[in-house]
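This briefing covers helix geometry, nonpolar packing and aromatic contacts. The sequence and structure come first, and the notes follow by topic.

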Amino acid sequence: MIDIASGHPAIDRYLSESYERVRGMSSRFAAAICGHLIRRQAALGIGGGLVEIGTFEGRFFIAMALGLAPGETAIGIDRFDWPNAGVEGRFLANCAANGLSSGRYVSWKADSRTIKPDDLQGKLAGQPVRFAHIDSHHSRECLTNDLELVTAVLHHDGIICLDDMLHPGYPMVVGAVFDYLARHSEMRVLCVIDREDIVAAPKFLVCRSASAALYENDLLASFARFHFTMNADMETYFALVLTPHPRLAEVE
Ligand SMILES: C[S@@+](CC[C@H](N)C(=O)[O-])C[C@H]1O[C@@H](n2cnc3c(N)ncnc32)[C@H](O)[C@@H]1O
């Protein structure tokens, strides 16, 4: 098990005791880094809702929601029809078993493509979204929908985490991200979180360029031993890269 922690006691207890037992696809490595960011946002006074599109049985959602500050809500959106109808029941049971009381979160059975930004903000009583994880259908069309949906209600200093970027099974999907970044020149890739495994693939963290300084140096300082020093060449800037086992090819 990779020795990594978020620094948030409830999240870290879940990551060390139960995370791998809740069926799901996101890596513990990525969940710890995202938990750290959710904790940092609260420390900086950045408030709002936490949203996951594509909760499945709740593995990553629980890690996020355990980082809720008082008065905040987490929204878990899923069609809850795959691989069978029991998935929503398992999601609710996993949330309860891991200390999430039903008043803290909303389980929203819906296809994200039918949700309008106002509907989402309504579920959050008008609060913006401060951290979102997009992990639904891995198609350019669905990712584009989900990115625009979340961006419309994103806190100025909010973060969007995108699952399965650069996954060998979904090579086309990252195209939707670059199209999105071209449409939204105010946004940038903050960090690439590398894979643990092919079933726990890389994630991108995206935020407004103006907010990157709130997170970048802190991530670097907190996770220095996971830093891939070459970073990610985004052509006009470099994004941070964190990887479970950093190393460079030997050339001499
Ligand atoms: C890979 S699983 C999510 C894994 C989970 N986030 C984790 O880290 O363990 C993808 C989920 O997205 C859901 N999904 C796919 N397309 C969707 C859509 N358009 N709207 C809502 N949910 C969707 C599926 O039902 C499935 O549960």
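The expected span of a helix is 1.5 Å times one less than its number of residues. The model discussed here is predicted.

**Helix α6**
- Helix α6 covers residues 140–151, and because its 12 residues count at 1.5 Å each, the span should be 16 Å. The C-alpha atoms at its ends are 16 Å apart, in agreement.
- Buried residues of α6 are C142, L143, D146, L147, L149, V150 and T151.
- The cover over these buried residues includes strands β1 (49–53), β4 (129–134), β5 (154–162) and β7 (203–208), along with helices α5 (117–123) and α7 (174–183).

**Nonpolar cores**
- The largest nonpolar core has 48 residues, among which F131 and L205 touch the most other members.
- Helix α2 (residues 28–43) gives the most to this core, with 8 residues.
- Contacts of L205 beyond four places in sequence include C34, L37, F131, I159 and I160.
- A second, separate core holds 36 residues, including L143, Y180, V206 and V241.

**Aromatic pairs**
- The whole structure contains 7 aromatic pairs.
- F29 and F226 pair edge-to-face, 5.2 Å centre to centre with 80 degrees between the planes. F29 is in helix α2 and F226 in the loop between α8 (212–222) and β8 (232–233), 197 residues apart. Both F29 and F226 are buried.
- F91 and Y105 also form an edge-to-face pair, at 6.0 Å and 85 degrees. F91 counts as buried because its relative accessibility is 0%; Y105, at 10%, counts as buried too.
- F61, F80, F91 and Y105 are linked into a cluster by ring pairs.

**Charges over rings**
- The charged end of K123 sits over the ring of W108, 4.6 Å from its centre.
- K203 lies over the face of F60, 4.8 Å from the ring centre.

Notes. Residues numbered from 1 in each chain as written. Predicted model: local features only at pLDDT ≥ 70, side-chain atom pairs only at ≥ 80, totals over all residues. Heavy atoms only, no water. Helix = DSSP H or I, 4+ residues; strand = E, 2+ residues; numbered from the N terminus. Buried < 20%, exposed > 50% of the residue type's maximum accessible area, 1.4 Å probe, protein only. Contact = heavy atoms within 4.5 Å. Core = buried A, V, L, I, M, F, W, Y, C linked by side-chain atoms within 4.5 Å. Phe/Tyr/Trp six-rings, centres within 6.5 Å; stacked < 30°, edge-to-face > 60°. Lys NZ or Arg CZ within 6 Å of the ring centre and 35° of its normal.
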